[in-house]
Amino acid sequence: MKMKYMHFAGMDRQSTSWQRADPEAALIEIADTAQWTLTLPDGNDAHTVTLFTDGTNTRGHCTCYGYHYHDRCAHLITIRQAQLLDVITVDGVIVRIPTLADEAVDAVKRKVATYDDIESGTETGAVRSDGARLDPDEYTDGSEGETFGRPEAQL
């Protein structure tokens with residue numbers, strides 16, 4: 001999955017991704033240029049979030065399944081909100097989405113392509129609409145935990 005152009009102003013603020021984004025409670029660490037490792041308070045996994053501007057457009061990528069299935073996720077929104085709120089990372093640095101020159105954009109794209117190559121070999125398992133993985137104990141067959149069909153005792 002390639003990097004996508006991000007239009008935060010046009011995102012549905014009632015979406016699950018927007019509601020889960022919590023920059024003040026998230027664990028945010030600097031990973032590299034335009035990249036952070038992020039764990040949300042209600043999540044079990046750390047994900048690598050890439051977010052930068054090329055001077056005109058904002059581009060983003062995340063290693064979570066929500067991004068891969070929906071082109072957006074709570075992790076990207078969290079980094080965007082963290083910048084707006086001047087949130088400080090665990091490294092003691094205020095979150096700033098950088099503006100990158102063409103050469104730096106190419107380098108970041110290569111890193112993202114490497115993440116995608118690694119991730120493409122993994123099995124996804126069950127995920128919520130915002131990309132967070134579900135613990136197998138959290139879901140059952142059917143929709144919203146409902147079991148369909150007749151119970152075995154009624155056959």
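The legends below describe close-up views of a predicted model.

**View A. The largest nonpolar core.** This core has 24 residues. Ile-28, Leu-51, Leu-76 and Ile-79 are the residues with the most contacts inside it. Two or more residues each come from β3 (35-39), β4 (47-53) and α3 (74-84). Helix α3 gives the largest share, 5 residues.

**View B. The surroundings of Ile-28.** Apart from neighbours within four places in sequence, Ile-28 is in contact with Pro-23, Trp-36, Thr-37, Leu-38, Thr-78, Ile-79, Ala-82, Val-87, Thr-89, Val-90 and Val-95. One of these, Leu-38, is also the bridge partner of Ile-28 in β3. Ile-28 is again listed among the residues with the most contacts inside the largest core.

**View C. Strand β3 and its two partners.** Strand β2 (residues 27-32) and β3 run antiparallel and are joined by 5 bridges. The hairpin of β2 and β3 has 2 residues between the strands, and Ala-34 has a positive phi near 65° there. β3 also pairs with β4, again in the antiparallel sense, over 4 bridges. In this pairing, Gln-35 stands opposite Thr-50 of β4. β3 is mostly covered, with 4 of its 5 residues buried.

**View D. His-47 in strand β4.** His-47 is found in β4. Its relative accessibility is 9%, under the 20% limit, so His-47 counts as buried. The side chains of His-47 and Thr-63 are joined by a polar contact of 3.5 Å. Not counting residues up to four places away in sequence, His-47 touches Trp-36, Thr-37, Leu-38, Cys-62, Thr-63, Cys-64 and His-75.

**View E. The aromatic pair of Tyr-65 and Tyr-69.** A search of the whole structure finds 1 aromatic pair. Tyr-65 and Tyr-69 form this pair, with 6.5 Å from centre to centre and 35° between the planes, and the arrangement is tilted. The two residues are about one helical turn apart because they lie 4 residues from each other in helix α2 (residues 65-70). Tyr-65 counts as buried because its relative accessibility is 7%. Tyr-69, at 49% relative accessibility, counts as partly exposed, because exposed requires over 50%.

Technical notes: Residues are numbered from 1 along each chain as its sequence is written. This is a predicted model: local features need pLDDT of at least 70, side-chain atom pairs count only at pLDDT 80 or more; totals for chains, interfaces and linings use all residues. Side-chain values use heavy atoms; hydrogens and water are left out. A nonpolar core is a set of buried Ala, Val, Leu, Ile, Met, Phe, Trp, Tyr and Cys residues joined through side-chain atoms within 4.5 Å. Buried means under 20% relative accessible area, exposed over 50%, partly exposed in between (1.4 Å probe, protein chains only). Contact means heavy atoms within 4.5 Å. A polar contact is a pair of N or O atoms within 3.5 Å; within protein, one must be able to donate a hydrogen and the other to accept it, and residues adjacent in sequence count only if both atoms are side-chain atoms. Two strands pair if DSSP finds at least two bridges between them. Rings of Phe, Tyr and Trp (its six-membered ring) pair if their centres lie within 6.5 Å; planes under 30 degrees apart count as stacked, over 60 as edge-to-face and the rest as tilted.
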